[in-house]
Amino acid sequence: MEIYREAVSSQVALLPQQALRQMIRLVRTLYRLSRLPAYRETVFPLVPEIARRDPGHDSVMMGYDFHLTPAGPRLIEVNTNAGGFLLALLAQFGEAAQHPESLPVRARQRLIGPFVEELRSWSGGACKRPSSVAIIDENPTEQFLFGEMEFCRQLLADAWGIPVVVADPVELEAGAQGVFREGQPVELVYNRHCDFYLENDVMAGIREAALAGTVCLSPHPFSYGLLADKRRMVLWSDPAALAAMGIAKADCRLLLELVPTSRLLVDQDREVLWNERNDWVFKPVDRFGSRGVLLGRKISRKRFDGLDSVDTLVQRLEPPSVTGGGELPEMKTDFRLYVYRNRVLGVAARLYQGQVTNMRTPGGGFAPVRLV
């Protein structure tokens with residue numbers, strides 16, 4: 001894991017226990033919300049067919065990203081295929097996270113458990129051990145987090161004693177009948193690909209298998225549509241929409257407190273927004289990893305005028321907290337909760353300088369979290 005050394009910070013991020021409790025409350029509230037019929041009825045007309053099919057299981061390794069403001073934590077976004085868990089482990093456990101077998105037993109079980117539960121839920125308990133597993137991404141060997149996928153491959157291969165591969169979707173044969181590699185069935189696919197709604201041609205076979213229920217694809221479009229599509233934050237920060245869905249008052253209060261006001265650009269007066277731009281962040285709804293995110297105070301008029309009205313989320317700016325200072329460099333900080341269903345698997349901090357999180361700031365990267 002030598003290549004990741006510069007992506008792990010030597011600093012420690014401090015997180016108040018009260019703030020963590022609020023974060024966990026929000027995670028559990030959103031999970032409950034995603035299961036409410038009224039919420040699903042509101043969301044389904046907004047998403048493609050594949051995201052309206054409930055596969056009967058959840059999604060592994062979701063990520064909930066927060067900024068810690070003076071008023072408390074604020075949710076910045078939700079991810080269904082949150083990367084960086086290996087970097088978080090390296091920050092927490094150091095050399096012990098170099099190989100799965102050297103991890104503490106509880107940490108190893110916390111990572112493996114969701115995959116076991118996914119397979120059980122998908123098969124109705126019939127499949128307790130898959131024939132093989134595939135971890136998929138576009139050109140995986142070229143991805144910065146390829147080492148993380150390899151770590152997961154070894155982790156699952158050791159746990160089940162079966163073949164586990166890291167592959168590009170083009171290396172698999174897939175269709176309504178299922179997913180196969182070299183003629184052998186693949187019951188479980190850990191999806192790291194960022195075609196979240198399986199719309200590209202390369203994902204067509206995986207899409208057919210997911211629709212037919214012949215593969216356990218996790219994470220999947222159903223979870224993405226309900227929780228990770230940035231457009232859902234418009235609902236979570238709209239008191240009228242929450243009231244119309246009959247959301248419990250306590251849940252409404254929490255959502256409106258912890259979710260920054262979020263609106264689609266198409267629904268805003270652009271001139272008013274331009275004049276108030278310092279208070280807002282502009283995010284493309286269909287991109288990931290902070291790509292294309294623009295702070296209003298740094299955006300030019302030309303760039304602002306070129307923003308796509310339909311595919312741009314306008315979110316109230318909630319500045320991140322700072323780690324370091326004095327003899328240590330000051331780093332902006334965000335906190336990520338790795339989650340399965342409504343269970344928090346771990347907490348990590350990402351330290352950076354500049355507009356958005358990155359793995360390029362010297363002395364920055366993933367950092368261990370200390371509760372205070």
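How many helices and strands does the secondary structure of the chain come to? You'll find twelve helices and 19 strands. Keep in mind that what you're looking at is a predicted model.

**Overall build**
- The radius of gyration of the chain is 20 Å, close to the 21 Å that the globule rule gives for 372 residues, so the chain is as compact as a globular protein of that length.
- If you boxed up the C-alpha atoms along the principal axes, you'd need roughly 60 × 50 × 40 Å.
- Take the contacts between residues at least 6 apart in sequence: 71% of them join residues at least 24 apart.

- Of the 372 residues in the chain, 53% are buried.
- The chain's accessible surface is about 16,400 Å², and carbon and sulfur atoms account for 49% of that.
- On the charge side, there are 44 positive and 44 negative charges, and their mean positions sit 7 Å apart.

- Four strands make an open, antiparallel sheet, and their order is 11-14-12-13.
- Strand 11 (262-264) and strand 13 (294-295) are the edge strands, each pairing on one side only.
- In general, strands of a sheet pair through backbone hydrogen bonds, either parallel or antiparallel.
- Strand 11 pairs with strand 14 (residues 312-316) in the antiparallel sense, over three bridges.

Terms used: Residues are numbered from 1 along each chain as its sequence is written. This is a predicted model: local features need pLDDT of at least 70, side-chain atom pairs count only at pLDDT 80 or more; totals for chains, interfaces and linings use all residues. Side-chain values use heavy atoms; hydrogens and water are left out. Helices (H or I, at least four residues) and strands (E, at least two) are DSSP runs, numbered from the N terminus. The radius of gyration is taken over C-alpha atoms; the globule rule is 2.2 Å times the number of residues to the power 0.38. Buried means under 20% relative accessible area, exposed over 50%, partly exposed in between (1.4 Å probe, protein chains only). Contact means heavy atoms within 4.5 Å. Accessible areas come from the Shrake-Rupley method with a 1.4 Å probe; for residues, only the protein chains shown count as cover. Lys and Arg count as positive and Asp and Glu as negative; His and the chain ends are not counted. The place of a charge is taken as NZ of Lys, CZ of Arg, CG of Asp or CD of Glu. Two strands pair if DSSP finds at least two bridges between them.
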